Amino acid sequence: MRIVIGAPGNGAALKDAMAAHLEADERVSEVIDLSTADITYPDVSFQAARAILDGRADRGILVCGTGVGTAIAASKVSGMRAATAHDVVTVRGAVENYDAQILCMGQNVIAAPAANALLDVWLDARHDPASTYGAKLQEIAAFESR
């Protein structure tokens, strides 16, 4: 799996720890870090979403202070679903139920060891389009395309 990752300055420390965790994981074939010293959370979020839409990455991780700003920004890119999650139920549901391509976390909310444990759950999670959530996601996509 190819993972795009990024953060503005207020998420860099957690992003770096998560990137190192991903780079050591055999399930991950490539980690693409979009971070720069002066990048804003909207810019890195838009870039990550576009990388997934363009097929350069399969999923994305975004980190800011709370994970909320990056989720809002990434979800503004048509066809993208980003979710903020800091617990196993929400991480699993973000992918399995809602087919979120981007996981967002907050450096001010979660410590690196806990975030890395959740990454392991996230990497194994898969969405089943035939599930009861499949029709709901189609409903959302139809609304979005109007």
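Select Arg81 to open the tour: at a relative accessible area of 26%, Arg81 is partly exposed. Here buried means under 20% relative accessible area, exposed means over 50%, and partly exposed lies in between, with a 1.4 Å probe and protein chains only. Before moving on, note that this is a predicted model, where local features need pLDDT of at least 70 and side-chain atom pairs count only at pLDDT 80 or more, while totals for chains, interfaces and linings use all residues. Residues are numbered from 1 along each chain as its sequence is written, and side-chain values use heavy atoms, with hydrogens and water left out.

**Stop 1: around Arg81**

Arg81 sits in the loop between α3 (68-75) and β4 (82-84). Helices (H or I, at least four residues) and strands (E, at least two) are DSSP runs, numbered from the N terminus. Now show the neighbours of Arg81. Leaving aside residues up to four places away in sequence, Arg81 touches Ser75, Tyr98, Asp99, Ala100, Gln101, Ile102 and Leu137; a contact means heavy atoms within 4.5 Å. Draw a distance between the C-alpha atoms of Arg81 and Tyr98: they are separated by 7.8 Å, with the two residues 17 apart along the chain.

**Stop 2: Asp99**

From Arg81, step across to its contact Asp99. Asp99 belongs to the loop between α4 (88-96) and β5 (102-106). Is Asp99 buried, partly exposed or exposed? Asp99 is partly exposed, with a relative accessible area of 27%. Check the backbone too: phi of Asp99 is near 50°, a positive value in a residue other than glycine.

**Stop 3: helix α3**

Next, select α3 and colour its buried residues: Gly69, Thr70, Ala71, Ala73 and Ala74. Which elements do the buried residues of α3 pack against? They pack against α2 (41-53), β3 (59-64), β4 and β5.

**Stop 4: the cysteines**

Select Cys64 and Cys104. With a disulfide taken as a pair of cysteine sulfur atoms within 2.5 Å, the count comes to 0 disulfides. Cys64 is in no disulfide, and its nearest cysteine sulfur, that of Cys104, is 7.0 Å away. Cys104 is likewise in no disulfide. Cys64 is buried at a relative accessible area of 5%, and Cys104 is buried at 0%.

**Stop 5: Asn116**

Move to helix α5 (residues 112-124), where you will find Asn116. Asn116 counts as buried, at 13% relative accessibility. Apart from residues up to four places away in sequence, Asn116 touches Ala17, Met18 and His21.

**Stop 6: zoom out**

Finally, show the whole protein chain as a cartoon. You can follow 6 helices and 5 strands, running β-α-β-α-β-α-β-α-β-α-α from the N terminus on. The C-alpha trace spans about 40 × 30 × 25 Å along its principal axes.

Buried residues make up 45% of the 146 residues. Of the contacts with a separation of 6 or more, 70% come from residues 24 or more positions apart.
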